Amino acid sequence: MDKLFSLNCCIGYILIVYSLFACVHGKEQLSCNQTPYPNVCKHYVETATYTLSTQDEHVSSPSYSFHGMALKVTMDQAIRAHQLVSTMDPKNFKENKKAKMAWEDCLELYEDTIYQLNRSMKSKNLNDKLTWQSASIANHQTCQNGFIEFNLNSHLNFFPTMLSNFSKLLSNSLSITKAVSMLEAEQEVRGRRRLLLSSSSNHNKHGHGGFPEWLSVSDRRLLQAATPPKGRRVVVHVKAGVYRENVDIKKTVKNIMIVGDGIDATVVTADGNAQDGSTTFRSATFGVSGDGFIARDITFENTAGPQKHQAVALRSGSDHSVFYRCSFKGYQDSLYAYAQRQFYRDCDVYGTVDFIFGDAACVLQNCNIYVRRPMGNQDITVTAQGRTDPNENTGIVIHNCRITAAGDMRSVQGSFKTFLGRPWQKYSRTVIMKSGLDGLINPAGWKPWSGSFALSTLYYGEYMNTGPGANTAGRVHWPGFHVISSPSEAVKFSVGDFLAGGSWIPGTGVPFDAGL
């Protein structure tokens, strides 16, 4: 039954993607008709009055011209969305500090969406395009999440109505990019061409321009001056000590490497949390958005405690970010793998509820995942992946790791139910492979979010795990759950395939296993 369902889903998905192509004079050409929202596509794309230059797309191909046009109209609407959100009447939020904070998140997120779409238009690397367009969708959802978390859904009515169509444009343009990537893969198989992966190369509350206080004035000036020349990296050594502050490294600051003196020797700690009025996005002790970020031998901590609910230790929206021999300590929402491509190697992650979460394409490899003692009425969920669109290239992969009880949990682990994850969003995707699962893992393995939500649209997979918690005989019988038996299926979630890690991780000097 499960195999038959999986086969039908696979066939259906392929038909949907390939139906984006219409045959015109024997050539494949993209069409609005089978995008997720064809009427929106036709309204914006087919009525567009501008044309693409040869620098924008491969205009000799109708498919690529259509692809570029879809991105262009989405970009134009992103600019309009940011302008409208920026000029909203502040009176809508001035009497509610939480609403104002959520709105300020939206301003930053829509600005980042313009950045992500702009570089998607300029890039000819389809994997990059998929990543950056997926990040745009994450931004749109996160804007809404800020209000939903505070039970301020009614404030979303103040937002411009065009955001509904903008959301659909994001989904349409992503589906077109995915279809083009599948077309290129097919062309490669046929020998028509070979797709080569390209190589990657606000003031905070302490008044240091977004940089931590332990950075010297000269270091701050260096980081603020400009992005390092291509291929070069700025390395900052953070001496052993406990640094109590919030750090937010913006997207304009790229190719930064922060090196501590070891886990629990160099510690950045704070206690931002939802209970005290922060959005989940803004609660992070350490946040980073600039591409190419590397952290090594350092601990990121949020000490708010389980009773404060969402309280992030680290939030990364940095593309091609790497964390090596780091520790992330919190309770609920400890590690926020927010968006884009991320790799974690030889790290420790501590938490209770949804403590590895977000909508990045991220792989944790050779890591220790420690389940802490939660509040008395809480179940424990290790992951909560946030994929909202089936064409996003995102997901959480846990490879060759160990999931076990932390010190405060060992003696009472029988009193709590511990699950590998639950679906935060409709197309949540999480794979755990070749990892050691201790006996605290509940036999069902996975927990619903609410009723039957996402159970047929998620993708949860387990492959060749070991330990007393790895027996899949008692696992959930959801349509979206898979016991992976084929190495050819499992390898899709390896560092080499899922992150295209061979093209950018070697340049960081961090060890990794590209395959299974």
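**Burial and aromatic pairs**

Visitor: What is the relative accessible area of phenylalanine 512?

Guide: The value is 22%, so phenylalanine 512 is partly exposed. Buried means under 20% relative accessible area, exposed means over 50%, and partly exposed lies in between (1.4 Å probe, protein chains only). Phenylalanine 343 is buried, at 0%. This is a predicted model: local features need pLDDT of at least 70, side-chain atom pairs need 80 or more, and totals for chains, interfaces and linings use all residues. Numbering runs from 1 along each chain as its sequence is written, and side-chain values use heavy atoms, without hydrogens or water.

Visitor: How much of the chain is buried?

Guide: Of its 516 residues, 58% count as buried.

Visitor: How many aromatic pairs does the structure hold?

Guide: It holds 24. Rings of Phe, Tyr and Trp (its six-membered ring) pair if their centres lie within 6.5 Å; planes under 30 degrees apart are stacked, over 60 edge-to-face, and the rest tilted. Take phenylalanine 343 and phenylalanine 512: centres 6.5 Å apart, planes at 80°, so this pair is edge-to-face. Phenylalanine 343 sits in strand β15 (residues 341-345) and phenylalanine 512 in the segment after α9 (495-498), 169 residues apart. Helices (H or I, at least four residues) and strands (E, at least two) are DSSP runs, numbered from the N terminus.

Visitor: Why is the pair of tyrosine 350 and tyrosine 370 stacked?

Guide: Their planes stand at 25° and their centres 4.7 Å apart, so the pair is stacked. Tyrosine 350 lies in strand β16 (residues 348-351) and tyrosine 370 in strand β19 (residues 368-371), 20 residues apart. Both tyrosine 350 and tyrosine 370 are buried.

Visitor: Which residue lies over the face of tyrosine 350?

Guide: Lysine 329, at 5.4 Å from the ring centre. A charge sits over a ring if NZ of Lys or CZ of Arg is within 6 Å of the ring centre and within 35 degrees of the ring normal. Likewise, the charged end of arginine 422 sits over the ring of tryptophan 449, 4.0 Å from its centre.

Visitor: Which residues form one aromatic cluster?

Guide: Phe286, Phe293, Phe300, Phe323, Phe328 and Tyr344.

Visitor: Now the helices. How far does α4 reach?

Guide: The chain has nine helices and 27 strands. Helix α4 (residues 97-122) has 26 residues and reaches 38 Å from first C-alpha to last, close to the expected 38 Å. The expected span is 1.5 Å times one less than the number of residues.
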